[in-house]
Amino acid sequence: MKQLQQNQQNAEQCDAICTDGLCSSIIFLFGIESPNQQPLCSFCPQDQLQQKIICPGPVTCLTASPNGLYILAGVAESIYLWEVSNGNLLAILNRHYQDLTCLCFTDDSSHFLSGAKDCLALVWNLYSVLQAEPSQIPDPRHVWSRHSLPITDLCCGFGGPLARAATASLDQTAKLWEISSGELLLSVLFDVGIMAVTLDLSEYHMFCGGMDGSIFQVDLCAWPVQRDRTFQTERENGKVFKGHRNQVTCLSVSTDGSLLLSGSHDETVRLWDIQSKQCLKTMNHKGPVTNAFIVLAPANMFNPDGKPSVPLPKFSKHLHGTESNDEQGSEGVTLRLGLHQQESGESYLEKAEKMYSQMYSTREKNLVGDQEHLTIQVSELEEEVSTLRKINKNLFDFSARIITKPAK
């Protein structure tokens, strides 16, 4: 850990911290400025520095594949693809005409998207890129050229090659695309340039962060269905998050779709309740926030009382976080999002996990007593359903009498 802390102290800018759900290791990706001003990109699993790669220029965007096998970086107008296990450079893609601004993978790591200041968003097939000859530059699967100003952010939904992707641009639009066909599904026009975009897990809503600090919630299932829409802030005031004083740079939605995390150049990170549009927590930083996202913690990370099952790492002061002096000699902060929900009862995920454990234990035990208890529960549920049906019928009859009652 001493070596890792020394690397953190030497780093002037931390680009991202990524976790791989397929293994227990944590991969840290740092953008380090060396004494001779040469940008570096280093791979650091746990506390050992394994790979250090010198890039030919400043890294403007960085992402890792969900399966943890590949790393993408944007350097000027080129895309660099590395293999994580050995640090080998697999490909250099030069199809953009201006600097890269954003990169993202699909959830199955089969495709990746790139956006740049040349107003283009490209969809790449990872298999085609890996199989291409070194002397050949593979062609992207799709070229999306509907934006008229630089692209600022990309976001992929779930479904692999069948997923939908969202793009944001300074041309005051956010667009929704279908990756399989490359077809434009939706284009929404706003009053300001859009700097960040994300989708919730169910893909019912698209959240867009503007240059003025506003966050807009777009209903993707609104009726009537229109491919070209205009978001009118005056009419849709109930779908705007207001609180940031400068442009929004990043957005992330929780797995249950109840919380929204946003970062801004006003040096704050805010946690919002999506339903009420209220800001639940504000975290101050000492500089513009460039990236923030919500990570789903493992189920065994916390005890039933909400306390960590293992000590959480402390972040030192140089990471520009809020300081806490709960323990003598400790410096840093331990932050866990979603504590506001614990006081109001079990969350949706906790209820689902509890239900699954009960079903699993019932199936494994297969005892007569459990079967009798299950039979009693089923009968109680049937009685409740019957009662609800009677109430529903009475409400229907009452409504019908009111509606058909002749006017005096």
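Visitor: In which loop is Gly68 found, and is Gly68 buried or exposed?

Guide: This is a predicted model, and in it Gly68 is found in the loop that lies between β5 (59–64) and β6 (70–75). Residues count as buried under 20% relative accessible area. Gly68 has a relative accessibility of 16%, so Gly68 counts as buried.

Visitor: How far apart in space are Gly68 and Ser85, C-alpha to C-alpha?

Guide: In sequence, Gly68 and Ser85 are 17 residues apart. In space, the C-alpha to C-alpha distance between Gly68 and Ser85 is 9.1 Å.

Visitor: What is the average pLDDT of the protein, and which stretches have a pLDDT under 50?

Guide: The protein averages a pLDDT of 77, and 71% of the residues score at least 70. Over residues 1–47 the pLDDT is below 50, although this stretch has 85 contacts in the model beyond near neighbours in sequence. Where pLDDT is low, the predicted coordinates should not be read in detail. For the other stretch the model has 40 contacts beyond four places in sequence, and there pLDDT stays under 50 over residues 317–344.

Visitor: Why is strand β11 largely enclosed, and which residue of β12 is the bridge partner of Val123?

Guide: Four of the five residues of β11 (residues 121–125) are buried, so this strand is largely enclosed by the rest of the structure. Strand β10 (residues 111–116) pairs with β11 in the antiparallel sense over five bridges, with Phe112 standing opposite Trp124, and in the hairpin of these two strands, which has four residues between them, Cys119 takes a positive phi near 75°. β11 is also joined by three bridges to the antiparallel strand β12 (residues 142–144), where the bridge partner of Val123 is His142.

Visitor: Which residues touch the most other members of the largest nonpolar core, and which strand gives the most to this core?

Guide: In soluble globular proteins, nonpolar side chains tend to be buried together. The largest nonpolar core here has 19 residues, of which Phe190 and Met206 touch the most other members. Elements that give two or more residues to this core are β14 (164–169), β15 (173–178), β16 (184–189), β17 (194–199), β18 (205–210) and β19 (215–219). With three residues, the strand that gives the most to this core is β17.

Visitor: In what order do the strands of the open sheet of four strands run, and which strands stand at the edges?

Guide: The order in this open sheet is β22-β23-β24-β25, with antiparallel pairing. The twist averages 20° from one strand to the next. Each edge strand has a single partner strand, so one side of each is left without a neighbour in the sheet, and the strands at the edges are β22 (248–253) and β25 (278–284).

Visitor: Which residue of β24 is the bridge partner of Gly263?

Guide: Six of the six residues of β23 are buried, so β23 is largely enclosed by the rest of the structure; Leu259, Leu261 and Gly263 point one way, while Leu260, Ser262 and Ser264 point the other way. Five bridges join β22 to the antiparallel strand β23 (residues 259–264), where Cys250 stands opposite Gly263. β23 and β24 also pair in the antiparallel sense over five bridges, and in β24 the bridge partner of Gly263 is Val269.

Methods. Residues are numbered from 1 along each chain as its sequence is written. This is a predicted model: local features need pLDDT of at least 70, side-chain atom pairs count only at pLDDT 80 or more; totals for chains, interfaces and linings use all residues. Side-chain values use heavy atoms; hydrogens and water are left out. Two strands pair if DSSP finds at least two bridges between them. Axes are lines fitted to C-alpha atoms, for helices over the stretch in contact, and angles run from 0 to 180 degrees between N-to-C directions. pLDDT is the predictor's confidence in each residue, from 0 to 100. Contact means heavy atoms within 4.5 Å. A nonpolar core is a set of buried Ala, Val, Leu, Ile, Met, Phe, Trp, Tyr and Cys residues joined through side-chain atoms within 4.5 Å. Buried means under 20% relative accessible area, exposed over 50%, partly exposed in between (1.4 Å probe, protein chains only).
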